[in-house]
Amino acid sequence: MSDPRGNHGHRGSSVAAYTAIALILGAITFVEFAVIQWRLDWISTGWLVFGLVVLSVGKFWLVVAFFMHLKDDENTYSGFFTIGMVFALGTFVALGFLFTVGSVSSVWAKANAPQEIASETGGHGAAGGGGHGIPKGIPEATLANIESDGYSRSLTVLLDTPRPKDHEAIQISFPLPETGDFQLQVASLFGGAGVPDMVEDTTTADRAFAQGEPGLSFDTELGLETFNTTCVACHQSTGQGLPGAFPPLVEHAANLYNVEGGRDYLISAVLYGLQGPVEIAGTTYNSVMAPWSSLSDEQVAAVLNYVVTSWGNRELLTEFTPISPDEVAALRGQGLSGAQALELRPSLEGP
Amino acid sequence: MSGSVALEQVEHQPHRTGLPDLKLIMWLFLASDCMFFGTLIGTYLVYQGRSLEGPFPADVLDIPVTTVSSFVLLMSSFLMVLALHALRKDDIPRFRLWTFGVAFFGSVFLGFQVFEFSTFALEGLSLNQNLFGSTFFVLTGTHGIHVTVGVLMLLSILILSFVKPMSSKDAIFLEVTGLYWHFVDIVWIVIFTVVYLVEFA
């Protein structure tokens, strides 16, 4: 690579070497383009970013070392350049630190001011949670959604940032006292600041569920309890099931409930179990769910009401009249097999 | 005339460092420019993904087009070393050809940038539209100004070579300009990755 000629005593590189470097640089640029243009699904974002950084550091080094001759030139130059780079990186790190730590600490400050909500509003069981206020220190986030799940009255707040990537990252869930003025509690979470409009709707619905308004009431406590003793092992406390083995009920059970024959199918599924192939949310399950006829009519009704109103199911309900113990009683004693119960399954358009 | 004599003396008198002053100064400048761009890129990163309104990076950035312009800039660096190589060998015609090539490729890169900026503007991105707009334009704009200065330096050398005969003895001027040019290129290498590629990773 070294060239004996060189007017200023330079150990310059030959044209051939330069050309080789240029080709490598071009090739790296093409690779960078290719991995982004034909994004391969199996490469995770983390690794891709890592790879891209490695490639660019490679290009950087090639240019600095060979085109700028730093590799063979006086150490003084490299010294200067290194110092410059170090300062640049230092600025980088400092900036990043300043900003991220700033917002993290404000989240912390908020999170460490617990219990306020419970005591302020006179609620009793802030269900082991401690109130976590909505961090005000995230100016770039706006409130996207508030959900509450009828039973535990916890709020899930999605802080919306414009990019969907970040959207998922900022999701805060915190419990509310089970009794007390819902609106007031939510307001105190926002530090008394304006409560977003959407809270109104959820509040009304939430009250209806939690305080047993006529026509909407069911025994939420019994429902949760039954679910947690009977169904949770398979369908999981989140209702997500286990992929491939136990189907999800999340954003799904309500769809069964909505269609004609759905109520009866749900009741039969619990009373007689299920057996056979069924496609749920895009996955085919061919498995067995045990019959739960040992549960009382009240328990079956409550657990199903709980399921169809939890984990985002409620938003999917077109109408809700709780399943009554009488309905369950009416379907008992038919001696159906799991396969026969599955035949009752109405066909769904959605998941 | 006396000015040029003085310059000559400055140029060829060894100093305590034993290194040519001009080159030393350029490296010092580059080191400080490093910090400058470090701050700009750092600022871009800090505000990355914090724009509340569009257009967002993913809406406007064009990877194929920018890949081509990045490639053009990389190749200009290649021509730069060829130009220096030719001048050191007193191969004046080649030196002129390659120097012109560098300036030309640099201008092509700038053309791409003008095209890019105007498309972004049409899509509603401006310096004060959102955080992305301000950080992006300041960063890439500053880089564009660096490229422009580089092109002007190269063209001056090219014109000078016709006015006053140049030889391998003058290589130091081209070498220092080359350092500047390569530096501008490596800054773009970083920008291309950080601003463009990573956005779509």
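Q: Why is Glu175(B) called buried?
A: In this predicted model, Glu175(B) has 7% relative accessibility, and buried means under 20% relative accessible area, with exposed over 50% and partly exposed in between (1.4 Å probe, protein chains only); Glu175(B) therefore counts as buried. Local features need pLDDT of at least 70, side-chain atom pairs count only at pLDDT 80 or more, and totals for chains, interfaces and linings use all residues. Side-chain values use heavy atoms, without hydrogens and water; residues are numbered from 1 along each chain as its sequence is written, with chains lettered from A and ligands numbered from 1 in the order in which they are written.

Q: What makes the contact of Glu175(B) and Lys23(B) a salt bridge?
A: A salt bridge is a side-chain nitrogen of Lys or Arg within 4 Å of a carboxyl oxygen of Asp or Glu. The N to O distance between Lys23(B) and Glu175(B) is 2.8 Å, so the pair qualifies.

Q: Why is Lys23(B) called buried?
A: Its relative accessible area is 2%, so Lys23(B) falls under the limit for buried.

Q: How do you know that Arg88(B) and Glu175(B) form a salt bridge?
A: Their side chains meet at 3.2 Å, N to O. Arg88(B) lies in helix α4 (residues 63–88) and Glu175(B) in helix α7 of chain B, so the pair ties together parts 87 residues apart in sequence; helices are DSSP runs (H or I, at least four residues), numbered from the N terminus. Lys23(B), Arg88(B) and Glu175(B) are linked in a network of salt bridges.

Q: Why is Arg332(A) called partly exposed?
A: Arg332(A) has 26% relative accessibility, so it counts as partly exposed.

Technical notes: Helix = DSSP H or I, 4+ residues; strand = E, 2+ residues; numbered from the N terminus.
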